[in-house]
Amino acid sequence: MVDAQIDRLEHYPKLKEKLLEHRRQKDAQLQRLETILDRLGKSRSALKDTAMSTMGAISSATTAMAGDEILKNCFATCGLANFEASAYETLIVFADAAGDVEALQPLRQSETEERAMADFIRQNLREIVLLFLTLKTQDRQASR
Ligand SMILES: [Fe+2]
């Protein structure tokens with residue numbers, strides 16, 4: 001879903017750049033989680049299932065893409081980033097409670113990246129919406 005969104009973006013280069021950065025961060029986040037889980041000797045499958053079902057839920061929310069695709073994608077991106085930040089915050093509490101000091105820093109790094117993603121949308125939403133309106137009133141393609 002994110003890849004399709006990134007590839008289709010035409011008029012919102014700043015958002016595109018941030019989403020590309022965040023896609024790279026996601027790969028690093030998964031790597032951090034796998035490192036922690038490997039160290040603990042746990043299976044990765046449950047984690048992947050959770051990640052996939054989340055993405056599925058978000059993408060189904062965006063399947064009904066009308067002319068406001070960019071707006072819905074901003075809502076979904078912000079929602080997903082907050083979801084992930086809360087999940088990382090929870091994992092930090094778990095790790096802390098378990099005395100797994102080694103897991104704290106990588107989890108905090110991932111949480112910070114998710115908060116930054118959500119903050120980016122919040123800080124740029126007005127600009128994106130205004131550009132959307134401008135393009136719309138000029139009868140130009142504004143949805144992506
Ligand atoms: Fe994310």
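This is a predicted model: local features need pLDDT of at least 70, side-chain atom pairs count only at pLDDT 80 or more; totals for chains, interfaces and linings use all residues.
Me: Why are H2 and H4 called roughly parallel?

Reply: Their axes (lines fitted to C-alpha atoms over the stretch in contact, with angles from 0 to 180 degrees between N-to-C directions) cross at roughly 25 degrees and come within 13 Å. That angle makes H2 roughly parallel to H4, as the term covers angles under 35 degrees, while over 145 is roughly antiparallel, 65 to 115 roughly perpendicular and the rest oblique.

Me: And how is H2 oriented to H5?

Reply: Helix H2 (residues 13-40) packs against helix H5 (residues 101-137) at about 160 degrees, with the axes 10 Å apart. So H2 is roughly antiparallel to H5. This crossing is left-handed, and its contact residues divide into twelve nonpolar, six polar and eight charged (Ala, Val, Leu, Ile, Met, Phe, Trp, Tyr, Cys and Pro count as nonpolar, Asp, Glu, Lys and Arg as charged, the others, Gly among them, as polar).

Me: What makes the arrangement around the iron ion irregular?

Reply: Its protein donors (N, O and S atoms within 2.8 Å of the metal, or 3.2 Å for Na, K and Ca) are His22 (NE2), Glu84 (OE) and two OE atoms of Glu114, at 2.0 to 2.5 Å. The four atoms subtend angles of 54 to 154 degrees, hence irregular: tetrahedral needs all angles between 85 and 135 degrees, while square planar (four) and octahedral (six) need opposite donors over 155 degrees apart and all others between 65 and 115. Water is not among the atoms, so sites may look incomplete.

Me: Why do histidine 22 and glutamate 84 tie together separate parts?

Reply: The donor spacing is H-x61-E-x29-E. Histidine 22 lies in H2 and glutamate 84 in H4 (residues 69-98), so the pair joins parts 62 residues apart in sequence.

Me: Is histidine 22 buried or exposed, and what about glycine 79?

Reply: Histidine 22, at 12% relative accessibility, counts as buried (under 20%, with exposed over 50% and partly exposed in between; 1.4 Å probe, protein chains only). Glycine 79, in H4, has 37% and is therefore partly exposed.

Notes. Residues are numbered from 1 along each chain as its sequence is written. Side-chain values use heavy atoms; hydrogens and water are left out. Helices (H or I, at least four residues) and strands (E, at least two) are DSSP runs, numbered from the N terminus. A crossing is left-handed if the near helix is turned anticlockwise from the far one by less than a right angle, and right-handed if clockwise.
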